[in-house]
Amino acid sequence: ILLATERIARITNQLSGFTRSSPGTPVDLDVAALLHELAPQIQEAAGVPADLSEVPPGGLWTQADPDLLRDSILALASPAREGTAGRTQVRISCFAREVQEPPSRLGSGRYAVIQVDDDGEGVPESRQTAMFEEFLTVKDPKRNAAPGIARAYRMARDTGGEAVFQNLPVKGSRFLLYLPERPAPPVPAAPPARPEIAEPPSDARLETVLLVEDEGGIRALVR
């Protein structure tokens, strides 16, 4: 019964992931700040040292579904995907890139790029396209990151960007997530300062107001 329950839970999680593959309402996101926020989770997901030293403090903006982008980053860092055998480290960086001669369907313009490198064995060219195909699996995401890779590809394309995989020249692989760069959102204006009420000087003399009224109740009220 316990095994069946765990299997049903995995199926439910995978179905939930498929429903999230279509992005929700995109919001302004600082990609660099998000990577720093995710650093502990990236380290746990990678299973090997994860180097984020080349990630700037912040200021690289895009618009995306934050949950999908988080899931995508963790899937790209995971060892539970093709081509990671024998890897000893993961390097993650992000930067702005001006694209003049677009690869694939990527349009010209400025993009916020998330780059994930490792020193694993890489993926044969014949298998690279299949890495981005969506499918349903009952395997634990920690043991199979393929659905997460497919969602990363779908998420990038739905935002007007692209996901690219490359084998590195000597050893290892590289994922690039291209997301259209956006200007930083305006900083909310500070609320107007409340006017200060001047305190009377300590040596101010007290004044007496004379009220003439023939109603006894009113005289009692204003005393």
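Accessible areas here come from the Shrake-Rupley method with a 1.4 Å probe, and for residues only the protein chains shown count as cover. On that basis, the chain exposes about 13,900 Å², of which carbon and sulfur atoms supply 55%.

Before going further, the terms of reference. This is a predicted model, in which local features need pLDDT of at least 70 and side-chain atom pairs count only at pLDDT 80 or more, while totals for chains, interfaces and linings use all residues. Residues are numbered from 1 along each chain as its sequence is written, and side-chain values use heavy atoms, with hydrogens and water left out.

I begin with the overall architecture. The chain contains six helices and seven strands; helices (H or I, at least four residues) and strands (E, at least two) are DSSP runs, numbered from the N terminus. Along the sequence, their order is α-β-α-β-β-α-β-β-α-α-β-β-α. Of the 223 residues, 38% count as buried, where buried means under 20% relative accessible area, exposed over 50%, and partly exposed in between, with a 1.4 Å probe and protein chains only. Contact means heavy atoms within 4.5 Å. Among contacts between residues at least 6 apart in sequence, 73% join residues at least 24 apart.

Let me turn to a helix pair. Two packed helices are described by the angle between their axes and the distance between the axes. Helix α2 (residues 31-46) and helix α3 (residues 66-77) have axes that come within 9 Å and cross at roughly 40°. The axes are lines fitted to C-alpha atoms, for helices over the stretch in contact, and the angles run from 0 to 180 degrees between N-to-C directions. How are α2 and α3 oriented to each other? They are oblique, since angles under 35 degrees count as roughly parallel, over 145 as roughly antiparallel, 65 to 115 as roughly perpendicular and the rest as oblique. The crossing is right-handed, that is, the near helix is turned clockwise from the far one, whereas a left-handed crossing has it turned anticlockwise by less than a right angle.

Phe-95 is found in β4 (residues 90-99) and is partly exposed, at a relative accessible area of 24%. Beyond its neighbours within four places in sequence, Phe-95 is in contact with Leu-60, Tyr-111, Ala-112, Val-113 and Gln-115. Phe-95 and Glu-54 lie 41 residues apart in sequence and 9.1 Å apart in space, C-alpha to C-alpha.

Gln-115 sits in β5 (residues 109-118) and is buried, with a relative accessible area of 12%. Not counting residues up to four places away, Gln-115 touches residues including Arg-91, Phe-95, Arg-174 and Leu-176. Its side chain also makes a polar contact of 3.1 Å with that of Asp-117. A polar contact is a pair of N or O atoms within 3.5 Å; within protein, one must be able to donate a hydrogen and the other to accept it, and residues adjacent in sequence count only if both atoms are side-chain atoms.

In the same strand β5 lies Asp-118. Is Asp-118 buried or exposed? Asp-118 is buried, with a relative accessible area of 0%. Its side chain forms a polar contact of 3.3 Å with the side chain of Arg-87 and reaches the backbone nitrogen of Gly-120 at 3.1 Å. Among the other residues that Asp-118 touches are Arg-81, Gln-89, Leu-168 and Lys-171.

At 0% relative accessibility, Ala-156 counts as buried. Leaving aside neighbours within four places in sequence, Ala-156 is in contact with Gly-161, Glu-162, Ala-163, Leu-177, Tyr-178 and Leu-179. Ala-156 and Leu-68 are 88 residues apart in sequence, yet 9.7 Å apart in space, C-alpha to C-alpha.
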